[in-house]
Amino acid sequence: MANIASQMKRNRQNIARRDRNRAVRSNVKTHMKLFRKALESGDRDSASEAYHKAARRLDKAAEKGVVHRNYAANKKSKMAKALNEL
């Protein structure tokens, strides 16, 4: 544990950021899973709605720096391709 005040503050900030990032990442994964389930059901309308929600979550996470922008683009591309094949 640090003895320097600025380092103790930095540690507190890192913990808060880690928790926030973990929540955002979990939310992204949840919406991607919901998209996959909607895709498997075969209902194009629900899959399209789930795609838009998941893509929005990915974009926001990439904008905040929680995930890399190329990761978000890759996932969105794969989801769009799967949606178009439906």
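Begin by selecting helix α2 (residues 44-64) and helix α3 (residues 69-85), whose axes come within 9 Å and cross at roughly 175°; axes here are lines fitted to C-alpha atoms, for helices over the stretch in contact, with angles from 0 to 180 degrees between N-to-C directions. The two helices are therefore roughly antiparallel, a label given to angles over 145 degrees. This is a predicted model, in which local features need pLDDT of at least 70 and side-chain atom pairs count only at pLDDT 80 or more, while totals for chains, interfaces and linings use all residues. Residues are numbered from 1 along each chain, and side-chain values use heavy atoms, leaving out hydrogens and water.

Next, show the side chains between α2 and α3, where the contact (heavy atoms within 4.5 Å) includes Y51, A55 and L58 of α2 and Y71, M79 and L83 of α3.

Finally, centre the view on H31, which lies in helix α1. With a relative accessibility of 14%, H31 counts as buried, meaning under 20% relative accessible area with a 1.4 Å probe and protein chains only. Its side chain is joined to that of N27 by a polar contact of 3.0 Å, and, leaving aside residues up to four places away in sequence, H31 touches K53, A54 and R57.

Notes. Helices (H or I, at least four residues) and strands (E, at least two) are DSSP runs, numbered from the N terminus. Angles under 35 degrees count as roughly parallel, over 145 as roughly antiparallel, 65 to 115 as roughly perpendicular and the rest as oblique. Buried means under 20% relative accessible area, exposed over 50%, partly exposed in between (1.4 Å probe, protein chains only). A polar contact is a pair of N or O atoms within 3.5 Å; within protein, one must be able to donate a hydrogen and the other to accept it, and residues adjacent in sequence count only if both atoms are side-chain atoms.
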